[in-house]
Amino acid sequence: MHDTRTMHRGSRLTSATGIGIWLLASMLCDRALAQSDPMGEDVTVVTERRTALQAETLSISATPDATPHLGHPSYIVGLGALVAPVYDGSNKTKTSPYPYVDIRGLWDDRLFASSLRGVGLNVFSVGAFRGGITLNYASGRTSSDDPRLRGLPDIGSGATAGGFLTWSHEEFSAEVEVQNKFGSAGQTEASVGASYSLTPIPRLHLSIGAHVNWGDARYGRINFGVTPSEAALANSLGNPLTAYKATAGVTTAGVTAAGLYQIGKHWGMVGRVGLQDLVGSAAKDSPLTQKTFVPSVALGGMYQF
């Protein structure tokens, strides 16, 4: 459900965020269930449900904000497991469980909330274009995450705010997004992505996407830089690091493939594979980078109300 692009984005995908949105989902789902027709759903609602599921593959692909318009609210919750590097460039992986929540179609599809996208507002929608703002939470990094980080300062967590612009035409979508993290670890990231979605059989929804990420000088310094004093401390602790000054520039490029298989009216399985490479010199040449190719895999179950 997310790859190491999601480690960019997905450092935002934390259990704390998911649990908080889960509570919001519980309250909204009570209302949704109360409004459901016990005698069955009409064609419009069934179509909306399928549209929401197809949009879900975009949400966990390269263009999470470029989802089709929904005339009815959609509520999806799930639980999955992620296998990914502990940080971009690490050769150590970890498996992490996390709750997954995605709520969309609120307030005439202007408002959305999810453990991946955060809380956002679609400010305008003109033809194939849509733009909006998001608020989210980004987790940090501790020196105990990986032996290569021993002696380096922790990267603190913080709130993020950003904006996005999407363009969609039938099954194809493209997105430009900018995110700024506040706090002591303040930094700015930008990304460009494109996705193509398809439904080869009625119950199977797929998407494939590509993306390129850019980080400012603060992003490079915080995530890949090593000051002379930090290098000296790391060496004294048995971690042979050299000083390195990272600059602004392109950091990663990759492709993602996401799939959702609908088991029944409500239940489904969700999977995601990400293949990402550190391509910019700021990240690629850092002494913290042990390998540039950083694949990730996620698998989980979901329930659509």
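Predicted model: local features only at pLDDT ≥ 70, side-chain atom pairs only at ≥ 80, totals over all residues.
Figure 1. Strands β6 and β7 run antiparallel and are joined by 10 bridges. On the other pairing shown here, 10 bridges likewise connect β7 to strand β8 (residues 187–201), and these two strands are also antiparallel. The side chains of β7 (residues 172–181) alternate along the strand.

Figure 2. The hairpin of β6 and β7 has two residues between its strands. Glu170 lies in the loop between β6 and β7 and has a positive phi of about 55°, although it is not a glycine. Is Glu170 buried or exposed? Glu170 is exposed, with a relative accessible area of 68%. The hairpin of β7 and β8 has five residues between the strands. Gly183, in the turn of the β7 and β8 hairpin, has a positive phi of about 100°.

**Figure 3. The loop between β2 and β3.** Asp109 belongs to the loop that lies between β2 (93–106) and β3. Its phi is near 65°, a positive value in a residue other than glycine. With a relative accessible area of 7%, Asp109 is buried.

**Figure 4. An aromatic pair between β3 and β6.** Five aromatic pairs are found in a search of the whole structure. One of them is formed by Phe112 and Phe164, a tilted pair with 6.3 Å from centre to centre and 55° between the planes. Phe112 is part of strand β3 (residues 111–114) and Phe164 is part of strand β6 (residues 158–169), so the pair ties together parts that are 52 residues apart in sequence. Both Phe112 and Phe164 are buried. Arg117 lies over the face of Phe112, at 3.8 Å from the ring centre.

**Figure 5. Further aromatic rings.** The charged end of Arg141 sits over the ring of Tyr87, at 5.4 Å from the centre of that ring. Elsewhere, Trp267, Tyr303 and Phe305 are linked into a cluster by ring pairs.

Figure 6. Thr57 is found in helix α3 (residues 43–59). Its relative accessibility is 0%, and Thr57 therefore counts as buried. Which residues does Thr57 touch, not counting residues up to four places away in sequence? The contacts of Thr57 are His205, Leu206, Ser207, Ala258, Gly259 and Leu260. Thr57 and Arg272 are 215 residues apart along the chain, and their C-alpha atoms are separated by 8.8 Å.

Figure 7. The largest nonpolar core has 13 residues. Of these, Leu53, Ile60, Leu82, Tyr98, Leu260, Val270 and Met302 touch the most other members. The elements that contribute two or more residues to this core are β1 (74–85), β2, β10 (249–262) and β12 (296–304). Strand β1 gives the most to this core, with three residues. Leaving aside neighbours within four places in sequence, Leu53 is in contact with Ile76, His205, Leu260, Gln262, Met302 and Gln304. A second, separate core consists of nine residues, among them Val86, Leu152, Val226 and Ala234.

Figure 8. Glu230, Ala231 and Ala234 are buried in helix α5 (residues 228–236). Seen down the axis of α5, the buried residues fall within an arc of 100°, so they line one face of the helix. Pro228, Ser229 and Ser236, on the other side of α5, are exposed. Ala234 is also included in the second core of nine residues. Gly238 follows α5 and has a positive phi, near 85°.

Technical notes:
Residues numbered from 1 in each chain as written. Heavy atoms only, no water. Buried < 20%, exposed > 50% of the residue type's maximum accessible area, 1.4 Å probe, protein only. Helix = DSSP H or I, 4+ residues; strand = E, 2+ residues; numbered from the N terminus. Arc of directions from axis to C-beta. Phe/Tyr/Trp six-rings, centres within 6.5 Å; stacked < 30°, edge-to-face > 60°. Lys NZ or Arg CZ within 6 Å of the ring centre and 35° of its normal. Pairing = 2+ DSSP bridges. Contact = heavy atoms within 4.5 Å. Core = buried A, V, L, I, M, F, W, Y, C linked by side-chain atoms within 4.5 Å.
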